[in-house]
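Me: I'd like to go over the strands in this one and ask what the labels rest on. Here it is.

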Amino acid sequence: MSKIYKFLFTINTIIIFSLLNFSCDAPHINPLDPQNPSKKSYSIEGYVYSYSLPRISIPNALVIWQNENKATLTNSNGYFKIDVSNLKDGWLKVIINGYKQDSVFVVWNSTKFYKEFFLNQIPVIDSIEFYSVLLNQYPNLQSTTLNIRVKISDRDNDIDSVLIENPLTKSKFSLIYNSQSRFYERTFDELDFNVDDFSEIIGLKFNIYVKDFSEDIFKVGEEKLNRIIKNEIILETPLNNDTVSSKPYLQWRRFNPGFKFSYSVEILNDEFPPRTIWSKDNISMEETGVQVDANLPAGNYFWVVWCVDQFLNRARSKPGSFVVK
């Protein structure tokens, strides 16, 4: 019996080793086995660049393959690659702050899909001025305008127009580009907003939009009118064509409107249109006069004082006149 057992043990050992050797060299036919030679590799790859020229690679853009909820970030060269499991058509999206989101519908016709995105930069506001200007005139007239000035940066350099809109007043206007100041600007009166007094729109938010040459519209900010300065600065001297020296001292009554402000003073000639001969800005609200520090030529002049608050709202006094001989 011992010989039979030995024989059977030997046979079993040979079979086991044969099976082990066979299994090590067996073909990888499991479709989930990464070493399966029949398993195909599918991928989506490409680059993300700026729309503007010269093209700039955009790193850290989020690229999303929605079919399989897979995502990746572009590298420093703007390159991305996503490995996918099947060739089902679907949406590929790219998102990054500061640029308009872009997408493409992927239709597979090979095991790889290649795409280059050129992203449109969203314009940004560099500065904005949104203020009222009130002019006091003889005998007791006041006129007010609303002034809007916006400076905008857009690397793509494809701004078509800049608009402001207020839904409550049902007003929407295009601003005009000033090539010298590089501001988009416009001056409005009450009729433009269908109001009797600009006080009616104090505190109302105005949306600011940019439309580019591709007809894309971006909301880039909002602003509001904070105040209209209706208090009047009263001039003291010189007045009524007083004769003065070539460096007159200009004086006004103490002004206390109830908020912080500064003064600006202008001297203008009597030509038409009048031209500013001398001015001084940022005069303390504690002052009630200013010394002209330049010699004025002989002639007729008039002068005004402005009150300017922290929001750039301003009000101008009635003019005073003097003569230099």
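Reply: Let's start with the terms: two strands pair if DSSP finds at least two bridges between them. Strands are DSSP runs of E with at least two residues, numbered from the N terminus. This is a predicted model, where local features need pLDDT of at least 70 and side-chain atom pairs count only at pLDDT 80 or more, while totals for chains, interfaces and linings use all residues. Residues are numbered from 1 along each chain as its sequence is written, and side-chain values use heavy atoms, with hydrogens and water left out.

Me: How do you know that strand 14 and strand 15 pair?

Reply: DSSP has to find at least two bridges, and strand 14 (residues 205-212) has 7 of them with strand 15, in the antiparallel sense. So they pair by that definition.

Me: What makes strand 11 and strand 15 edges?

Reply: The open sheet of 4 strands runs 11-10-14-15, with antiparallel pairing. Strand 11 (171-174) and strand 15 (217-224) each have a single partner strand, so one side of each is left without a neighbour in the sheet. On average, neighbouring strands there are turned by 25° against each other, direction ignored; axes for this are lines fitted to C-alpha atoms, and angles run from 0 to 180 degrees between N-to-C directions.

Me: Why do strand 16 and strand 18 count as paired?

Reply: They share 2 bridges, antiparallel, and the cut-off is at least two, so the pair qualifies. T237 has Q251 of strand 18 as its bridge partner. On to strand 21 (residues 289-291): 3 bridges join strand 18 to it, again antiparallel. Here L250 is partnered with V290, and Q251 stands opposite G289. The resulting open sheet has 3 strands in the order 16-18-21, with strand 16 and strand 21 as edge strands that pair on one side only.

Me: Which side chains of strand 18 are called buried?

Reply: Buried means under 20% relative accessible area (exposed is over 50%, partly exposed in between; 1.4 Å probe, protein chains only). In strand 18 (residues 249-252), L250 and W252 are buried and point to one face.
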